[in-house]
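I opened a notebook for this model and went through it element by element. The entries follow in the order in which I looked things up.

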Amino acid sequence: MQTLTKTQLTFNEFLIQCPDEGLFELVNGEIVEMVNTRQHKDIAFFIMKKIDQEIDRLNLNFIVTTQVVIKTINKKGIEQGRLPDVSVIDRTLWRSAPADYAALTEPIQLAVEVVSTNWENDYVDKLYEYEQLGIKEYWIVDYLAIASRALLGDPKFPTISIYGLNEQGKYQRSQFRSDEIIVSPTFSELQITANRIFQA
């Protein structure tokens with residue numbers, strides 16, 4: 001990640017100043033460029049492709065993209081601009097403002113984050129922000145098993161953590177490793193193992 005700003009920006013200033021080329025988030029008032037490895041990109045693309053196929057197969061009212069910024073609020077009450085690696089969005093919500101360039105402020109159906117070296121962003125910060133916003137499902141794909149043992153167990157293995165909102169609006173976690181078939185609350189018929197995603 002590379003920080004591009006020296007002054008604290010509001011969310012609206014971020015939308016205006018964010019460069020057109022590249023992938024960026026607003027983190028604590030700063031524009032941060034998201035720089036990912038090829039393997040990271042491959043995994044995100046594979047997940048997007050499989051979800052898109054499932055949406056088509058079942059004729060679901062969703063779209064899937066890698067290009068949407070979501071407005072969230074962190075624990076200090078500061079507006080953030082998050083760019084999930086993969087976003088699944090209600091098609092009706094997406095098409096309600098087809099000419100809009102602004103970020104989404106409503107909760108999406110599913111956010112996927114592929115873990116990079118700054119793993120606490122995904123497991124702590126974004127977990128809190130996505131839960132507070134009401135994103136119904138959140139995947140953390142830790143293909144390098146770089147999070148703490150408290151999160152991954154000892155010994156650590158590559159893990160996909162899937163969080164689904166319960167009736168109280170709190171995330172409940174399920175974890176999947178090796179040849180276990182992941183269980184998605186949104187895509188209950190998806191038949192993909194954790195290893196197949198890691199090997200994308």
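Where is the place of Thr72? I found Thr72 in strand β5, residues 70–73. Helices (H or I, at least four residues) and strands (E, at least two) are DSSP runs numbered from the N terminus.

Ground rules, noted before going on. The model is predicted, so to speak of local features I need pLDDT of at least 70, and side-chain atom pairs count only at pLDDT 80 or more, while totals for chains, interfaces and linings use all residues. Residues are numbered from 1 along each chain as its sequence is written, and side-chain values use heavy atoms, with hydrogens and water left out.

I then listed contacts, meaning heavy atoms within 4.5 Å. Not counting residues up to four places away in sequence, Thr72 touches Ile78, Glu79, Gln80, Arg82, Glu129, Tyr130 and Leu133. The side chains of Thr72 and Glu129 are joined by a polar contact of 2.7 Å. A polar contact is a pair of N or O atoms within 3.5 Å; within protein, one must be able to donate a hydrogen and the other to accept it, and residues adjacent in sequence count only if both atoms are side-chain atoms.

Strand β5 pairs with strand β6 (residues 79–82) in the antiparallel sense over four bridges; two strands pair if DSSP finds at least two bridges between them. Ile70 stands opposite Arg82 in β6. The hairpin has five residues between its strands, and Gly77 takes a positive phi near 80° there.

**Entry: the six-stranded sheet**

I traced an open sheet of six strands with mixed pairing, in the order β4-β7-β8-β9-β10-β11. β4 (62–65) and β11 (171–176) are at the edges with a single partner strand each, so one side of each has no neighbour in the sheet. On average, neighbouring strands of this sheet are turned by 15° against each other, direction ignored. Axes are lines fitted to C-alpha atoms, for helices over the stretch in contact, and angles run from 0 to 180 degrees between N-to-C directions.

Inside the sheet, β8 (residues 110–114) and β9 (residues 137–142) pair in the parallel sense over five bridges. Val112 stands opposite Trp139 in β9. Helix α2 (residues 38–58) packs on the sheet, touching β4, β7 (86–90), β8 and β9, and its direction makes about 165° with that of β4. Helix α4 (residues 119–133) lies across β8, β9, β10 (159–165) and β11, running at about 170° to β9.

Ser87 lies in strand β7. Its relative accessible area is 0%, so Ser87 is buried. Leaving aside neighbours within four places in sequence, Ser87 is in contact with Ile63, Val64, Thr65, Val68, Ile70, Ile108 and Leu110.

**Entry: helix α2 and the cores**

I checked the length of α2: at 1.5 Å a residue its 21 residues should span 30 Å, and the end C-alpha atoms are 30 Å apart, which agrees. The expected span is 1.5 Å times one less than the number of residues. Buried residues of α2 include His40, Phe46, Ile47 and Glu54.

Which residues have the most contacts inside the largest nonpolar core? They are Ile47, Trp139, Val141 and Ile197, in a core of 27 residues. A nonpolar core is a set of buried Ala, Val, Leu, Ile, Met, Phe, Trp, Tyr and Cys residues joined through side-chain atoms within 4.5 Å. Two or more residues each come from α2, β4, β7, β8, β9, β10 and α6 (194–198). The largest share of this core, seven residues, comes from α2. Leaving aside neighbours within four places in sequence, Ile47 is in contact with Val86, Val112, Trp139, Val141 and Ile197. Apart from this core lies another, of 21 residues, among them Tyr130, Ala145, Leu151 and Tyr171.

**Entry: Ser184**

I found Ser184 in the loop between β11 and α6. Ser184 is buried, with a relative accessible area of 3%. A polar contact of 2.7 Å joins the side chains of Ser184 and Glu137. A polar atom of the Ser184 side chain also lies 3.0 Å from the backbone nitrogen of Phe187.

Key. Buried < 20%, exposed > 50% of the residue type's maximum accessible area, 1.4 Å probe, protein only.
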